[in-house]
Amino acid sequence: MGTSVQVTPLCGVYNENPLSYLVSIDGFNFLIDCGWNDLFDTSLLEPLSRVASTIDAVLLSHPDTLHLGALPYAMKQLGLSAPVYATEPVHRLGLLTMYDQFLSRKQVSDFDLFTLDDIDSAFQNVIRLTYSQNYHLSGKGEGIVIAPHVAGHMLGGSIWRITKDGEDVIYAVDYNHRKERHLNGTVLQSFVRPAVLITDAYHALYTNQTARQQRDKEFLDTISKHLEVGGNVLLPVDTAGRVLELLLILEQHWSQRGFSFPIYFLTYVSSSTIDYVKSFLEWMSDSISKSFETSRDNAFLLRHVTLLINKTDLDNAPPGPKVVLASMASLEAGFAREIFVEWANDPRNLVLFTETGQFGTLARMLQSAPPPKFVKVTMSKRVPLAGEELIAYEEEQNRLKREEALRASLVKEEETKASHGSDDNSSEPMVIDTKTTHDVVGSHGPAYKDILIDGFVPPSSSVAPMFPFYDNTSEWDDFGEIINPDDYVIKDEDMDRGAMHNGGDVDGRLDEATASLMLDTRPSKVISNELIVTVSCSLVKMDYEGRSDGRSIKSMIAHVSPLKLVLVHAIAEATEHLKQHCLNNICPHVYAPQIEETVDVTSDLCAYKVQLSEKLMSNVIFKKLGDSEVAWVDSEVGKTESDMRSLLPMAGAASPHKPVLVGDLKIADFKQFLSSKGVQVEFAGGGALRCGEYVTLRKVGPTGQKGGASGPQQILIEGPLCEDYYKIRDYLYSQFYLL
């Protein structure tokens, strides 16, 4: 049998709940994503709590709450202690996302599910990987290789590839095949025939029929229309994910049109977020990277966007129309909720949603059709204690301090008695006289007991009473004391820990205002009141989620053509729709498990480890294929002296084999290649390529059906046997490796 693979959803199947999945590979347990929602519903984590202690490694795919929001809580409360793997942007931006979540909650409630220290503790030991970096696990995971690849949904967002004994398990959720302003498209299509593909059906029922240019035009025209009539525009956004694409769109449009309307990006960590993003250009789209290489122009040097970290700065801004991007996108907390309540009753204003709100949140309620005319909202805020409340609080704190001091003194007294008792029973010649005990009465209160030590009885070998002394001698040479250079090396993890202790910013600190808010220990309380908000403003939703639509998902899965497919994270209707489509057209083994239902997706293939003998390898001629080398080998199976299977040279002459063309031809790339060779070429119907006047080239599946059928594809050249035919055929052969 092949590598043993079991998949158990812990959260996020047959619904839109956060993502969290247990994937076991030959007994090694991966927790892939550890998400939570903006409601912080602890009942969602009950399945995770039952297996947290068995997790061997955690893989994070995206830097938002839905993918990593439960990590601090799981490590503090649920016993999760496994190493965590993520890309650098997911690590840094995920940390800021959790800071923003905590500070937003702390300002409106007595939030106690986790603290800033818990967040730092959870993120400080994350092992950061780059795209396509193969990381070999050790110990229990010996033989397993993990690697993140571009997902195209968020900065640093990853598709995870887990390899064991030549078999691939691909985890690909929330990917985007389209190239955007700040991100390249996913590389999921580069994987072919993995043993298992775990993917989501989130947009399986959604088809995007609007081109990006048209969508951006509608987006900007809608904003401009409300600004020009004197209205304000609120965009509820996430902390450090999809908001980056929106900022670039607005920045570029404002530069082109010369608008004077101010744009504000308001989160508790907005400045730190942009500072980080400026240093992550190599993780972004090719256009941004090339622009920086040629002109040193950083796309995130925002000239038309003002970064704010508190509501007071927005209130003090000059009056007039403005655009505000504020967290949270769900409107459950954060600055966006407060601004919505203030602006909702003005019909000139606009609330523009760029993603579907999480289920059960205020944002989801406002996105319903038709939208509500009134909503009941509970508004809370934290205020400092004053007057009698402050006096009562201080008295209570003083009482607790006195009780704590009394308990500490009693514990110390007990420890002293215990240590003296052990000294009495010791054979050590040093004797301490504990009988001389005096009641010492101070002027500040009742008597307390203190032990006065009269002296020592010295050992017979000493000439006077002595305390223990250790002589730390050092070696010296002609140049001074000999030191160990390793003692003075600052380790990377120590630097990261220090940076996080100071707030985690690229400069080793957060904004002063944010840092002061984190360190604010003034006594305070939360006051709440319920409001009935009249919704007179415009409510508009546009798709800027950055996910592939249903048609693209089906095409992508067909191209990847996995041996076994596991569907997660979508409503029941979308899950069943994609499941039936894949069963009928792509893969006979499709699974859609329920929460805590384990599906065994072990490969039906048999895998064997064999040793390549030196005699065989000495006659093999390799050919370069991308980053790898390939060769055709004729051999027979034998055994070595250690009884291990080995491939040996053929005893006789090998029978001839048909030529094998190795490679993956993309018709669009081949079209460009032919054009560069001076061949007139154009697309014809059905995806065919008309080359010159007489020759047509097309890709067909193994059954002769056109399109993305699974399995090896054939390339047909149709046309008369003329000079153009042979020339096109030679050009085609040059795109492959002949074995």
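These legends describe close-up views of a predicted model.

**View 1. Confidence along the chain.**
The average pLDDT of the chain is 85. A score of at least 70 is reached by 85% of the residues. Over residues 426–454 the pLDDT is below 50. Beyond near neighbours in sequence, this stretch has 27 contacts in the model. Residues 495–509 also stay under 50. For residues 495–509, the model has 27 contacts beyond four places in sequence. Where pLDDT is low, the predicted coordinates should not be read in detail.

**View 2. An open sheet of 7 strands.**
The strand order is E7-E8-E9-E10-E11-E24-E25, and the pairing is mixed. Strand E7 (135–136) and strand E25 (590–591) stand at the edges. Each has a single partner strand, so one side of each is left without a neighbour in the sheet.

**View 3. Strands E24 and E25, with helix H17 packed on the sheet.**
E24 spans residues 564–568 and pairs with E25 in the parallel sense, over 2 bridges. Val566 has Tyr591 of E25 as its bridge partner. Helix H17 (residues 572–585) touches E24, E25 and strand E11 (196–200). The direction of H17 makes about 170° with that of E24.

**View 4. Strand E13, covered on both faces.**
E13 covers residues 263–266. Ile263 and Phe265 lie on one side, Tyr264 and Leu266 on the other, and all are buried. Strand E14 (residues 305–308) runs parallel to E13, joined by 4 bridges. Here Ile263 stands opposite Val305. Strand E15 (residues 323–326) also pairs with E13 in the parallel sense, over 4 bridges. Tyr264 stands opposite Val324 of E15.

**View 5. Two nonpolar cores.**
The largest nonpolar core has 106 residues. Those with the most contacts inside it are Phe114, Phe219, Val323, Leu325 and Phe340. Leaving aside neighbours within four places in sequence, Phe114 is in contact with Trp36, Phe40, Pro72, Tyr73, Lys76, Met98, Phe102 and Ile119. A second, separate core has 32 residues, including Tyr14, Leu137, Ile162 and Tyr171. In soluble globular proteins, nonpolar side chains tend to be buried together.

**View 6. Helices H4 and H8.**
H4 spans residues 88–106 and H8 spans residues 270–278. Their axes come within 10 Å and cross at roughly 175°. That makes H4 roughly antiparallel to H8. On the H4 side, Arg92, Leu93 and Leu96 make the contact. On the H8 side, Ser272, Thr273, Tyr276 and Val277 take part.

**View 7. Thr65 in helix H2.**
H2 covers residues 65–68. Thr65 is buried, because its relative accessible area is 7% and buried means under 20%. Leaving aside neighbours within four places in sequence, Thr65 is in contact with Gly35, Trp36, Asn37, Asp38, Thr97 and Gln101.

**View 8. Val540 in strand E23.**
E23 covers residues 538–541. Val540 counts as partly exposed, at 23% relative accessibility. Val540 and Leu352 are 188 residues apart along the chain, and their C-alpha atoms are separated by 4.9 Å. Not counting residues up to four places away in sequence, Val540 touches Thr222, Leu350, Val351, Leu352 and Phe353.

Technical notes:
Residues numbered from 1 in each chain as written. Predicted model: local features only at pLDDT ≥ 70, side-chain atom pairs only at ≥ 80, totals over all residues. Heavy atoms only, no water. Pairing = 2+ DSSP bridges. Contact = heavy atoms within 4.5 Å. Axes fitted to C-alpha atoms, helices over the stretch in contact; angles between N-to-C directions. Buried < 20%, exposed > 50% of the residue type's maximum accessible area, 1.4 Å probe, protein only. Core = buried A, V, L, I, M, F, W, Y, C linked by side-chain atoms within 4.5 Å. pLDDT = per-residue confidence, 0-100. Parallel < 35°, antiparallel > 145°, perpendicular 65-115°, else oblique.
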